[in-house]
Amino acid sequence: MAEQKAVIMDADGVRRALTRIAFEIIEKNKGAENLLLAGVKTRGVFLAQRIAKKLGEVEGRMPPVIELDVTPWRDDKPREEAPKSPPDARIEGATVVLVDDVLYTGRTVRAAIEAVSSQGRAGRIQLAVLIDRGHREVPIRPDYIGKNLPTARDERVCVRLTEVDGADNVVILSSET
């Protein structure tokens with residue numbers, strides 16, 4: 001069983017990081033107009049909802065949030081037929097902010113970009129992650145980062161959110177032995 005090595009963020013740290021990301025999104029996009037947040041299932045969806053809520057508090061209008069299931073576009077899993085979903089009118093021309101919990105190799109983000117592109121042509125696609133742990137295998141860099149966290153490849157970063165896990169925190173787990 002994996003052993004917890006360190007608590008990287010507590011609930012207040014997660015809240016502060018998401019608030020900072022929301023303000024950076026507003027600053028970079030000169031407001032929240034024409035934004036669409038796309039949360040990568042599972043925890044990215046809840047993070048996107050929290051960021052959207054903060055954007056709504058600050059800007060007076062909460063941007064829509066969509067769920068992205070990137071499984072059919074993954075290149076490290078058996079290839080499924082990508083669903084033929086109808087175009088999402090909200091994506092056309094919008095600034096889509098992909099939201100995920102941990103950025104590691106970049107493959108999930110690559111799949112998320114394909115998932116968004118399959119539903120419409122976004123004006124721009126940006127990336128927000130709570131944790132960037134490095135070790136990229138594809139050339140992807142986030143626009144918004146809650147925390148840079150250099151890790152060893154054999155460590156695991158575990159983001160826990162109240163909606164899924166009953167508490168908010170980020171921990172490093174040692175490799176299973």
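A salt bridge is a side-chain nitrogen of Lys or Arg within 4 Å of a carboxyl oxygen of Asp or Glu. By this criterion, a search of the whole structure finds 14 salt bridges. The structure is a predicted model, in which local features need pLDDT of at least 70, side-chain atom pairs count only at pLDDT 80 or more, and totals for chains, interfaces and linings use all residues. Residues are numbered from 1 along each chain as its sequence is written, and side-chain values use heavy atoms, with hydrogens and water left out.

Figure 1. Helices (H or I, at least four residues) and strands (E, at least two) are DSSP runs, numbered from the N terminus. Along the sequence, these elements follow the pattern β-α-β-α-β-β-α-β-β-β-α-β. The radius of gyration is 16 Å, close to the 16 Å that the globule rule gives for 177 residues, so the protein is as compact as a globular protein of that length. This radius is taken over C-alpha atoms, and the globule rule is 2.2 Å times the number of residues to the power 0.38. Along the principal axes, the C-alpha atoms fill a box of roughly 50 × 40 × 30 Å. Of the 177 residues, 47% are buried; buried means under 20% relative accessible area, exposed over 50%, and partly exposed in between (1.4 Å probe, protein chains only).

**Figure 2. Five strands form an open parallel sheet.** The strand order is E3-E2-E4-E5-E6. Strand E3 (65-68) and strand E6 (144-148) stand at the edges with a single partner strand each, so one side of each is left without a neighbour in the sheet. Neighbouring strands of this sheet are turned by 25 degrees against each other on average, direction ignored. Two strands pair if DSSP finds at least two bridges between them. Strand E2 (residues 35-40) and E3 pair in the parallel sense over four bridges, and the bridge partner of leucine 37 in E3 is valine 65.

Figure 3. Axes are lines fitted to C-alpha atoms, for helices over the stretch in contact, and angles run from 0 to 180 degrees between N-to-C directions. Contact means heavy atoms within 4.5 Å.

**Figure 4. Threonine 95 is a buried residue of strand E4.** Strand E4 spans residues 95-103. The relative accessibility of threonine 95 is 7%, and the residue therefore counts as buried. Not counting residues up to four places away in sequence, threonine 95 touches Asn29, Asn34, Leu35, Leu36, Arg124 and Gln126.

**Figure 5. Three strands form an open antiparallel sheet.** The strand order is E1-E8-E7. Strand E1 (4-9) and strand E7 (156-160) are at the edges, each with a single partner strand, so one side of each is left without a neighbour in the sheet. The twist averages 25 degrees from one strand to the next. E1 and strand E8 (residues 169-173) pair in the antiparallel sense over four bridges; the bridge partner of alanine 6 in E8 is isoleucine 172. Helix H1 (residues 11-29) lies across E1 and E8, and runs at about 45 degrees to E1.

**Figure 6. A salt bridge joins arginine 43 and aspartate 165.** The closest N and O atoms are 2.8 Å apart. Arginine 43 lies in helix H2 and aspartate 165 in helix H4 (residues 162-165), so the pair ties together parts that are 122 residues apart in sequence. Arginine 43 is partly exposed at 21% relative accessible area, and aspartate 165 is partly exposed at 36%.

**Figure 7. Further salt bridges include two pairs and a network.** Lysine 54 forms a salt bridge with glutamate 57, with the closest N and O atoms 3.1 Å apart. Both residues lie in helix H2, three residues apart, which is about one turn of the helix. The side chains of arginine 90 and aspartate 88 also meet in a salt bridge (3.0 Å, N to O). Arginine 90 is partly exposed at 44% relative accessibility, whereas aspartate 88 is buried at 14%. A network of salt bridges links Asp75, Arg107, Arg110, Glu114 and Glu137.
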